[in-house]
Amino acid sequence: MSLLSSKNCNQVLVVGCGLMGAGITQVIAQAGIKVVASDRAEKDIERGKKQILKGISKKEEEEQQQILSRITFTTNMEDGKDSDLVIEAVPEKLEIKKEVFAKLDQFMNPDAILASNTSTLSIAAISSVTKRPEKVIGLHFFSPVPVMKLLEIVEGISTGEETLEFSKQFAEQIGKETIVAKDYPGFTVNRVLVPMLNEAAYLVMEGNDPRDIDRGMMLGTNHPIGPCKLTDMVGADVLFYALESLYADFSDSKYRPCPLLRRMVEAGHLGKKSGQGYYKYE
Ligand SMILES: NC(=O)c1ccc[n+]([C@@H]2O[C@H](COP(=O)([O-])OP(=O)(O)OC[C@H]3O[C@@H](n4cnc5c(N)ncnc54)[C@H](O)[C@@H]3O)[C@@H](O)[C@H]2O)c1
């Protein structure tokens, strides 16, 4: 056990109730913790609420009501000002995140922890707009949040040890397994995964059949899903931008996006969400 006694998390403010924010809200409420789920407009809140209702629809009616009773939906994030922790899940644009963190820093209690669910941006850059960089950390959830066990905790160069301990304890409270990653692009999981998916794109560009690549990786390395199918699930656009971000930060050609991926994005062949990627979807 750690010598640092971190406090229990009693309430969380989630900023952005999109795909990830709604999933994060659901998981926290299911764990018995109060959540204030905020977004910009009513329509965004409604979409998030719908996702949560679908996510808990298989549970007993009473449990569903209990989960929902712990969630406060709002278009005013200041309604969550008394929270112990904020998890930001707004779009992956540094300017938007900086704007959100600067606001949070003004109205949240000085000892509240501010976390970002960013997949590629630097925690150091996000924390730089606050007066509490030691209380800023990355909490990188994986999609779909209620299903995926991992929570990748990203330690920025200014992140304090108490913030790290609090985050580990919070992960335990919501039933997630953790790894700690340093604040460099891709952190741990995407640093390994993204170049692998890029390499699969090169194989397809060279004329290989995506089905062979997927079967090869599943049967030969025990991956539960092949890289082409996974790219279709993640979105060719999401993969493309992740590669660009790794390439920009490391200036290393091994992260250069495969030209086929660029073509797929240009053609709108984004994967499952557009009905066509490496595979066709009904
Ligand atoms: N999609 C994934 O698989 C995945 C996985 C891990 C991490 N992430 C990261 O999570 C974050 C969110 O991704 P997502 O897929 O949920 O995006 P999304 O587009 O589904 O959701 C973003 C939400 O933020 C809201 N928003 C925009 N500006 C806002 C503001 N200023 N204040 C409050 N809300 C605002 C939008 O209305 C939207 O509901 C990104 O940083 C992304 O990189 C995504």
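I call a residue buried if 20 or more other C-beta atoms lie within 10 Å of its own, exposed if 12 or fewer, and partly exposed in between, with C-beta atoms placed from the backbone. Helices (H or I, at least four residues) and strands (E, at least two) are DSSP runs, numbered from the N terminus. The model is predicted: local features need pLDDT of at least 70 and side-chain atom pairs count only at pLDDT 80 or more, while totals for chains, interfaces and linings use all residues. Residues are numbered from 1 along each chain as its sequence is written.

**Helix H1**

I looked up the burial of H1 and found 11 of its 12 residues buried, so H1 is largely enclosed by the rest of the structure. The buried ones are Met-20, Gly-21, Ala-22, Gly-23, Ile-24, Thr-25, Gln-26, Val-27, Ile-28, Ala-29 and Gln-30. I also checked the length of H1 (residues 19-30): at 1.5 Å a residue it should span 16 Å, and its end C-alpha atoms are 17 Å apart, which agrees. The expected span is 1.5 Å times one less than the number of residues. Just after H1, Gly-32 has a positive phi of about 90°.

**Ligand shell**

Which residues come nearest to the ligand? Of the 22 around it, they are Gly-16, Gly-18, Met-20, Glu-92 and Ser-143. Near here means that the C-beta atom, placed from the backbone, lies within 6 Å. H1, helix H4 (94-107) and strand E6 (136-141) are the elements that give two or more residues to this shell. The largest share, 3 residues, comes from H1. By class I noted 10 nonpolar, 8 polar and 4 charged residues in the shell. Nonpolar covers Ala, Val, Leu, Ile, Met, Phe, Trp, Tyr, Cys and Pro; charged covers Asp, Glu, Lys and Arg; the others, Gly among them, are polar.

**Backbone exceptions**

Most residues other than glycine have a negative phi, and most peptide bonds are trans. I found a cis peptide bond between Ser-143 and Pro-144, with omega about -5°. Pro-144 sits in the loop between E6 and strand E7 (150-155).

Asn-222, not a glycine, has a positive phi of about 65°. I place Asn-222 in the loop between helix H8 (210-221) and helix H9 (227-234). Asn-222 counts as exposed because it has 7 C-beta neighbours inside 10 Å.

Ser-251 also has a positive phi, near 50°. Ser-251 is in the loop between helix H10 (236-250) and H11, and is exposed, with 8 other C-beta atoms within 10 Å.

**Helix H9**

In H9, 7 of the 8 residues are buried, so H9 is largely enclosed by the rest of the structure. What covers its buried residues includes H7, H8 and H10; contact means C-beta atoms, placed from the backbone, within 7 Å.

**H7 against H11**

I then took H7 (residues 189-205) and H11 (residues 259-267), whose axes come within 8 Å and cross at roughly 90°. H7 is therefore roughly perpendicular to H11. Axes are lines fitted to C-alpha atoms, for helices over the stretch in contact, and angles run from 0 to 180 degrees between N-to-C directions. Under 35 degrees is roughly parallel, over 145 roughly antiparallel, 65 to 115 roughly perpendicular and the rest oblique. Ala-201, Val-204 and Met-205 in H7 meet Pro-259, Leu-260 and Leu-261 in H11. This contact has 6 nonpolar, no polar and no charged residues.

Technical notes
Two residues are in contact if their C-beta atoms, placed from the backbone, lie within 7 Å.
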